Amino acid sequence: MGILNVTPDSFSDGGRFRDAGAAMARAEELAREGADLIDVGGESTRPGAEPVPTDEEAARILPVIRALKTSLPLPVSVDTAKPEVARAALEEGADIVNDVTALRDPSMRAVVAESGAGVVLMHMRGTPRTMQDNPRYADVVEEVTGELEQAALAARSAGIAAERIAVDPGIGFGKNLTHNLLLIAGLERLGRLGYPVLLGPSRKAFIGRILGGLPPEERGAGTAAACVAGLQQGARIFRVHDVRTVRHAVDVAEAIRQTALTGY
Ligand code: HH2
């Protein structure tokens, strides 16, 4: 899953792909690098980010989704927590709703249920503005898994079929360095819920911390390592900026895994 942020303030690529032309060129590049799907977002969720008004978010992403759906043969997900934005994006042809609040808003559940779209349920405690204020868990893997299980049950009760759901532990969303590492190491537990697992470690602060304060643009190899660790624990979708690097790392790790399973 290649990231296309149409925002002025995303933490690693804010402001670079604001107009529809630049966004399309970036999407084509992501596709050439090996992305299987494009995730379009119009609101930054970095720690401390302020919410964006609905009209503004819609105006940023709708022209981009329209252009993507007319000229790229890849599925598109829309990274939003707002039902009005999700509905408009689905009308433009988006295939999946990627909601960092795991459909907390019941009207978001209704929009997804009615449309027949896929959905990514991502785990977050609190809101982007407050989530990094001293997050605490007694057992981060069990708690995140349990909360995502509840979110998936709520989605299914609202009429969303199980096979349209993927789950995501929400790396960096209300988690400290140790929480993030424990979650990646423990993804197999989340996979036991029976939904495909998506992992989004891309260029995030925990990678910079491990690597002595590297800036976001230099965190591609660290991102690839996190994705390979996630792959070994069962993750199957990787939301990343550095598609080529991660694609290569994951394809090689997957070839090793498959050969170990099947033998000569
Ligand atoms: N992370 C970000 C945004 N959306 N969606 C899912 N499913 N999983 C994630 O881990 C995830 C996400 C944050 O990263 P980014 O889009 O690069 O930055 P920003 O929120 O500043 O736009």
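I take helices (H or I, at least four residues) and strands (E, at least two) as DSSP runs, numbered from the N terminus. The model is a predicted one.

**Entry 1: the pocket**

I looked up the largest pocket and found a volume of about 560 Å³. Its lining has 33 residues; Phe11, Pro47, Ile171, Phe173 and Lys204 lie nearest the centre. H8 gives the largest share, with three residues. Sorted by class, the lining of the largest pocket holds 13 polar, 11 nonpolar and nine charged residues.

**Entry 2: the ligand and its shell**

Where does the ligand sit? I find the ligand in the largest pocket. I count 18 residues around the ligand, and Ser10, Ser44, Thr45, Asp168 and Lys204 come nearest. By class, I get seven polar, six nonpolar and five charged residues for the shell.

**Entry 3: polar contacts and burial**

For Asp79, a polar side-chain atom lies 2.8 Å from a ligand nitrogen atom. For His241, a polar side-chain atom is 3.1 Å from an oxygen atom of the ligand. For Arg46, the atom concerned is a backbone N or O, 3.5 Å from a ligand oxygen atom. How much of the ligand does the protein bury? The ligand taken alone exposes 480 Å², and I note that the protein buries 98% of that.

Technical notes
Residues numbered from 1 in each chain as written. Predicted model: local features only at pLDDT ≥ 70, side-chain atom pairs only at ≥ 80, totals over all residues. Heavy atoms only, no water. Near = heavy atom within 4 Å. Polar contact = N/O pair within 3.5 Å; in protein donor to acceptor, adjacent residues only side chain to side chain. Areas by Shrake-Rupley, 256 points an atom, 1.4 Å probe, with all protein chains shown as cover. 1 Å grid on protein atoms, 1.4 Å probe; cavity = no way out; pocket = protein on both sides within 12 Å on 5 of 7 lines; lining within 4 Å. Sits in = over half its atoms within 2 Å of the grid points. Nonpolar A, V, L, I, M, F, W, Y, C, P; charged D, E, K, R; others polar. Points joined across faces, edges and corners; volume = space filled by probe spheres on them.
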